[in-house]
Amino acid sequence: MADKIKLFVNGVEVEVESGKNLIDAIGAVGIEIPHLCYHPALGADGNCRMCLVGIEDGRPPLVPACKTPAQEGLKVLLDAEHIKKIQHDVMEFELINHPIDCPVCDQAGECKLQDYYMSYDQVDSRMTVPQVTKGKKMDFGAGVVHDQERCVVCGRCVRFCRQITKTGELGIINRTDDARVNIFPGRPLNNRYALNVVDLCPVGAMTSKDFRFKQRVWFLKKAPGICHGCAKGCNITIEHNREKYKDDVIYRFRPRKNDQVNGYFICDAGRLSYKAENEGRLTEARLSNKAIPVDEILTAASKEIERAEKTAVIVSPNCSLEQMIAVKALAEKLGASLSGFSDGYIKSGDGDDFLIQDDKAANRTGLTLLGIDSSKQGFEAAVQGAKLLINFDNDLGLSYEEGALKKLLQGIKIIAITSHDTDCVKMAEMAIPVASYSEYAGSVINCDNILQTFGKAVTKNNDLADICAIAAGLGSPLASPEERFSALQECIGALKDLEPDQIPAKGLKLNDSEAANVTV
Amino acid sequence: MEVKILSAKFDIKDAHKIKVAKKHGAYSTLDKLFSMPPEDVIELVKESGLRGRGGAGFPSGVKWSFLPKDTGKPVYLAVNSDESEPATFKDRYILVKDPHMMIEGIIICSYAIGSHDTYIYIRGEYTTQVKALQAAIDEAYAAGYLGDKVGGHDYTVNVTVHRGAGAYVCGEETALLESIEGKKGQPRSKPPFPAVAGLYGCPTIINNVQSIASLPFILENGAEAYKAYGTEKSAGTHLFGISGHVEKPGMYELPLGLPLLEVIDKVAGGVWKGRKLKGVIPGGSSTPVLLPEEAKTVTLDYESMAAHKTMFGSGGIVVLDETVDIVQLVKNLIDFYHHESCGQCTPCREGLGWMLKIIKKILSGDGTMVDLNLLRELCDNIELKTVCVLSAACTMPVRSYLDKFRHEFEAYVANNDSSAAEAK
C-alpha cells in the first residue's frame with residue numbers, strides 16, 4: 001500500500017496516495033480533474049490542456065495535473081473561476097472543428113466530449129466559419145475504423161502502439177489544425193491488441209468494425225467476467241442486451257482493469273471470443289443425433305451409465321473449479337477413470353510476453369490442482385477397453401485428427417455434455433447441452449496461479465444447465481454449491497478459511513506451495 | 001552609431017575561409033581559454049552580462065550554471081540556428097560571413113560547460129548558409145580546431161550539423177531537441193528543463209548563434225570591454241535586422257540601448273518616400289507593435305522594451321509606414337503562426353485556425369463586431385495555456401494590433417454592423 005499524504009484541493013484537506021499524479025491521486029478520492037490525453041497506462045503527455053490547475057505556491061500560474069506529482073501540502077486550485085474558464089475554453093476549442101454527429105456516433109453515451117460538455121461547457125457554439133474537414137471512415141486495419149474529424153488528437157492510440165505493442169503503426173501527421181492520426185501508406189494496424197485503441201479513444205474517432213452500429217451503448221447491460229480465451233484469465237466486462245422479442249445476446253467484451261492480471265487491456269482474439277458465446281452452440285439434447293427433451297436424455301444417459309462395464313470420464317480444461325470437482329466426484333462414484341487430456345488446447349509458440357498465452361484453456365491450473373491427470377497416455381489407457389466415455393465439454397477434435405479419434409473411440413459409446421455443437425457431438429450417442437462460461441458462475445485459476453471468480457452474466461431464453469447440475473443429475477454426490485465449495489477447500493489450501501464471497505474481486509493469488517498443492 | 005564586434009570581419013573578402021579568418025584573429029583565444037579553469041569562463045561570461053540572443057534574453061552564463069554536476073552523463077551543446085521568425089535575419093550573416101567566429105565560440109562554450117559534442121540545428125531553408133557552415137567546419141577539423149585535440153590542447157570537441165525540415169517551432173529549444181533526436185518537432189513540457197534532461201535525456205545547453213559568436217570577443221577582451229557597450233542590464237552589441245518601409249533596410253550591428261527612432265532615422269535612413277510612421281515591430285513578428293508615440297521613448301534594450309509592454313525579441317525591426325493595412329498585416333501574421341503551430345496543444349492547434357478564419361472573414365467584408373470581439377477574446381483564451389509560447393507569439397502581437405488599431409478593424413466590419421459605428 002502506498003504512503004498516504006495530505007494535500008489541499010480548493011482549500012479542503014484531502015488524504016491521497018503518494019507517488020501518483022494529481023489526476024489519479026485526487027481522482028481516487030472522488031474529485032474529478034477533466035482530462036483527455038492522459039491515461040494511467042500510457043503516462044502523461046500534456047497536450048489536451050484540459051487538466052490545467054492552479055497551484056497556490058508561487059509556481060507558474062497553471063500546471064497540467066497529469067504531469068504534476070501529488071506532494072504533501074500542495075495547494076491545488078480547481079474551482080477557481082479562471083480554472084473553470086480554461087476548462088470551458090479548451091472544450092470550446094475541442095468542439096469547434098468536431099462534427100458533433102453524436103446521433104450516428106458509436107461513442108455516444110460513453111464519450112468524454114459529451115460528458116465534459118455537460119460538466120464543463122454547456123454553452124452554444126460560437127463557430128461561424130467553416131470547419132476543418134478531414135478523413136472519414138478510414139479503415140486502419142485490424143477491425144479499427146477511424147474518423148479524423150471526431151479525433152481530438154490526444155495521441156492515446158499513437159502512444160499505445162508505440163509503448164504497449166511497440167509496433168508503432170499509428171502517427172500524427174501534419175501540423176496545426178490539420179494534424180491527424182493516420183497509418184503509414186499500405187501499413188495498417190497489425191498487432192494482436194489493436195482494438196484496445198477503440199477503448200482508449202476518449203471520443204468516437206476510433207470505432208470497432210465489429211461493434212459499429214450494432215447497439216446504442218446505453219442499452220447494454222454490463223456484467224463482470226473472466227475471458228476464457230486463454231490461460232491468462234483477463235478480466236472483462238460482458239456487455240449484452242436482450243432486445244424485445246429476442247434472446248439475450250452478447251455484443252462485446254471490453255477489458256476490465258485488474259493490475260495483477262491484465263492491467264487495462266485484452267487481446268483482440270479474446271475480445272472477439274464473445275462471438276463463440278452467441279454462435280455455434282448446442283441448444284438441444286440429442287439421442288443418436290435426433291433432438292429429444294433434456295429430461296429424457298438424462299434418464300437415458302443414467303441408464304447407459306448403469307449398464308456400462310467400464311466408463312471413462314474426460315473433462316475440459318475450460319471448466320470451472322466447481323465443475324471439475326463435481327465431475328471428479330462423479331467419476332469417483334462411478335469408479336471411472338478421469339482425464340483432463342487437452343493437449344489440443346495448447347498452441348505452442350502462439351503466446352507472447354504480454355497477455356496472450358500458448359494455452360487456450362482457462363483453467364488448466366485447476367486441473368492440476370485438483371489432481372486430474374492430463375496426460376495423453378492416461379487418457380488413452382482410460383478409454384482402452386471402456387464401453388462408455390462421458391465427455392464434459394472437452395473438444396477432443398482439437399487434440400486428435402478426426403480419423404485417429406474415431407479409431408481410438410471405436411466401439412465406445414459417448415455421452416457428450418457440451419456447450420458447443422462440435423464434431424464430437426456428431427460422434428456421440430447422446431448429447432446434452434450445457435451453459436457456457438458467460439451463463440454460469442464459477443472460478444478458474446490462471447497461468448499465474450491467480451484464482452478468480454465470476455458470476456452468471458447472461459440468461460438465455462433457453463437457460464441451459466451448468467455442468468455441475470448435469471454431473472449431479474448423473475449421480476455426482478456434490479449436488480449443492482456449498483458441498484462443492486467445501487470439497488474445493490480440501491484441495492486448495494488458500495480457500496480453507498474463506499467463505500465464497502470472501503475471495504477478493506481482484507483474484508486470490510495462490511502462493512507456490514498452494515499452487516503445487518497435491519492433496520490427492 | 002554602428003559598431004564592429006560581431007561584424008568585424010563581415011566586410012573582409014573571404015573571411016569565411018579559415019586562412020583569412022585566422023589572419024584576422026580567429027581561434028586566437030584558444031590558448032587563453034585552455035589556461036583557464038572552466039568555472040572561470042562561466043564566471044567571465046556571467047560578468048560580461050551577455051544575454052541569450054535568440055529572443056528571450058536570458059543571461060547566458062547563468063543558463064550554463066544550471067547544469068547539474070557529475071551526472072555521469074555527457075553534456076551536449078546545441079546551437080540554435082533555426083532562425084525562422086519573420087523579420088529576423090541576423091544569424092545568417094554570421095553563418096555565411098564569419099562561421100569561424102561561431103566555431104570558436106562553440107569551443108569556448110563547450111569547454112566552459114564540459115561538453116564534447118555539439119549539434120548545430122540549422123534552418124532547413126538555409127541552403128547557402130549550411131554549405132558555408134559545413135565548409136568552415138570541415139576546414140576547422142582539417143586545421144585541428146575541431147576533433148580530438150582542439151588547437152593542440154587536450155580537449156575534444158565534435159560538431160554535427162543537423163538540418164531542420166522547415167518548421168518554425170523547431171526554434172523552440174525542446175522542439176529543436178526532439179527534431180535532432182529524429183522525432184516530430186514538438187516542444188516538450190517543462191520541467192524538466194534541458195539543462196537537466198535535454199538531448200537524449202542528457203544535460204544540454206542550447207544557445208543562439210549570435211550568443212555563441214559573441215564569446216570570442218568576451219574571452220579576448222574581457223567582460224568590461226563587452227560591457228562597455230550597451231546599458232547596465234543589457235550589455236554588449238546586437239545584430240539588428242531593419243526591414244520594412246525604410247530607405248536603407250539591412251543588417252546593422254549596434255550597441256544595445258540606442259533610441260529606436262534615432263536608429264530608424266540615422267542608421268536606416270528614416271521612413272521611406274517621406275511617408276509618416278504608423279508603427280514599429282521592435283523585435284520580430286512575435287513582439288507587440290509600438291505606436292509612433294511609444295517609439296519616441298523606447299530604447300533598444302530588454303528593459304525599455306518591457307517597460308513599453310513589448311519585447312526586445314530577436315532584433316528584427318520592422319518599420320510600418322502610413323499605407324499599411326493593419327488588418328491585412330494581422331491576417332498574414334496569424335496565417336504564419338497558424339501554419340507553424342505544431343498541433344500538439346488543443347488551444348493553439350484549434351484556436352489559431354479559428355482566428356485565421358475569423359480575420360479572413362473580417363477582411364472579406366463579412367465580419368461583424370461579434371467576430372471582432374471574439375477574435376480579441378480568443379487571444380486571451382489561447383495564450384499561456386499551451387506547452388510552449390508559440391501560441392503567445394501569435395496572440396501577443398495580434399492583441400496589440402487589435403487594441404492599438406481597433407478603428408481599422410472596425411472599419412472593415414462597419415458595413416455589416418451598425419453597432420460598430422455606435423461603439424465608436
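How are H9(A) and H15(A) oriented to each other?

What we have here is a predicted model. Chain A contains 16 helices and 23 strands. Along the principal axes, its C-alpha atoms take up a box of roughly 85 × 50 × 40 Å. Chain A has 520 residues, and 46% of them count as buried. On contacts: take those in chain A with a separation of 6 or more, and 65% of them are between residues 24 or more positions apart.

Now the helix pair. Helix H9 of chain A covers residues 321-334, and helix H15 of chain A covers residues 481-491. Their axes come within 9 Å and cross at roughly 90 degrees. Angles of 65 to 115 degrees count as roughly perpendicular, so that is the answer for H9(A) and H15(A): they are roughly perpendicular to each other. From H9(A), the contact uses Leu321(A), Glu322(A), Ile325(A), Ala326(A) and Ala329(A). H15(A) supplies Arg484(A), Ala487(A) and Leu488(A). By class, the residues of this contact are six nonpolar and two charged, with no polar ones.

Last, the contact between the chains. Chain A puts in 24 residues, and chain B also puts in 24 residues. On the chain A side, the largest share comes from helix H2, residues 81-96, with six residues. That side of chain A, where it touches chain B, has 12 nonpolar, seven charged and five polar residues. As a general remark, interface size is often quoted as the accessible area lost when the parts come together. What I have given for the chains is residue counts: 24 from chain A and 24 from chain B.

Conventions
Residues are numbered from 1 along each chain as its sequence is written. Chains are lettered from A and ligands numbered from 1 in the order in which they are written. This is a predicted model: local features need pLDDT of at least 70, side-chain atom pairs count only at pLDDT 80 or more; totals for chains, interfaces and linings use all residues. Helices (H or I, at least four residues) and strands (E, at least two) are DSSP runs, numbered from the N terminus. A residue is buried if 20 or more other C-beta atoms lie within 10 Å of its own, exposed if 12 or fewer, and partly exposed in between; C-beta atoms are placed from the backbone. Two residues are in contact if their C-beta atoms, placed from the backbone, lie within 7 Å. Ala, Val, Leu, Ile, Met, Phe, Trp, Tyr, Cys and Pro count as nonpolar, Asp, Glu, Lys and Arg as charged, and the others, Gly among them, as polar. Axes are lines fitted to C-alpha atoms, for helices over the stretch in contact, and angles run from 0 to 180 degrees between N-to-C directions. Angles under 35 degrees count as roughly parallel, over 145 as roughly antiparallel, 65 to 115 as roughly perpendicular and the rest as oblique.
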